[in-house]
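Here is a short report on one structure. Look at the model first, then read on.

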Amino acid sequence: MQRTYKTGAWGGRQSRRMSADTTADTAPDTFTEPIRFDTKIAVLLRTDLEPWQRLNVTSFLVSGLGSQVPEVIGEPYEDADGVRYLPMFRQPVLVFEATKEVLAAAHARALSRALPRSVFTSDLFTTGNDRDNRAAVRAVATAELDVVGLAVYGPRNGVDKVVKGARMHP
């Protein structure tokens with residue numbers, strides 16, 4: 001069954017900024033309003049990838065966003081015993097799947113909208129390090145890239161337009 005991601009209206013507003021007031025010193029069960037974001041993080045994966053490839057590609061793609069778009073990273077975590085953990089994304093990552101053709105169109109739309117993006121091409125499955133990965137992408141013209149994964153971040157409506165035609169990953 002094909003599913004799509006839709007967000008409903010919340011209290012007459014489309015989004016609410018996350019502030020220090022909603023995260024610091026307040027137990028999560030005391031929140032009465034959901035936190036809504038006016039941005040979206042989406043990962044598109046090609047439908048013909050093996051399960052291990054889907055996980056690997058997703059991990060690489062989102063690492064690019066986290067390193068270059070600092071506002072997507074939340075605060076560090078700490079458990080009840082005071083053990084600290086690394087910060088993670090402050091909002092959900094939506095994972096979609098698409099055919100090669102839909103993914104190519106999404107890549108073109110992300111470029112035309114100048115949204116922050118990371119790309120994973122089929123050539124990267126044959127390399128074993130970051131230097132060779134970058135060289136493999138650099139060796140191919142934009143229109144000729146065999147894109148198997150794409151991560152994009154930006155305004156919700158802009159990201160929705162980029163992933164048009166894709167479906168939520170099962």
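Arg-84 is exposed, because its relative accessible area is 56%; exposed means over 50%, buried under 20%, and partly exposed in between (1.4 Å probe, protein chains only). Arg-84 forms a salt bridge with Glu-78. A salt bridge is a side-chain nitrogen of Lys or Arg within 4 Å of a carboxyl oxygen of Asp or Glu.

This is a predicted model: local features need pLDDT of at least 70, side-chain atom pairs count only at pLDDT 80 or more, and totals for chains, interfaces and linings use all residues. Residues are numbered from 1 along each chain as its sequence is written, and side-chain values use heavy atoms, with hydrogens and water left out.

The structure holds nine salt bridges. The table gives some of them.

| Salt bridge | N to O distance |
|---|---|
| Arg-54 and Glu-97 | 2.9 Å |
| Glu-78 and Arg-84 | 3.6 Å |
| Arg-131 and Asp-132 | 3.7 Å |

Arg-54 lies in helix 2 and Glu-97 in strand 4, so this pair ties together parts that are 43 residues apart in sequence. Helices (H or I, at least four residues) and strands (E, at least two) are DSSP runs, numbered from the N terminus. Arg-54 is buried, at 13% relative accessibility. Glu-97 is buried as well, at 5%. Arg-131 counts as exposed at 57%, whereas Asp-132 is partly exposed at 30%. Salt bridges also link Arg-46, Asp-48, Lys-100 and Asp-146 in a network.

Helix 2 covers residues 51-68. Its buried residues include Gln-53, Arg-54, Val-57 and Leu-61.

Now the strands. Strand 1 and strand 4 run parallel, joined by six bridges. Two strands pair if DSSP finds at least two bridges between them. Leu-45 stands opposite Glu-97 in strand 4. Strand 4 also runs antiparallel to strand 7 (residues 167-168), with two bridges. There, Phe-96 stands opposite Met-168.

Which residues touch the most other members of the largest nonpolar core? They are Ala-42, Leu-44, Phe-96, Leu-150, Val-152 and Val-162, out of 18 residues. A nonpolar core is a set of buried Ala, Val, Leu, Ile, Met, Phe, Trp, Tyr and Cys residues joined through side-chain atoms within 4.5 Å. A second, separate core has 17 residues, including Ile-41 and Val-69.

Technical notes:
Expected span 1.5 Å × (residues − 1).
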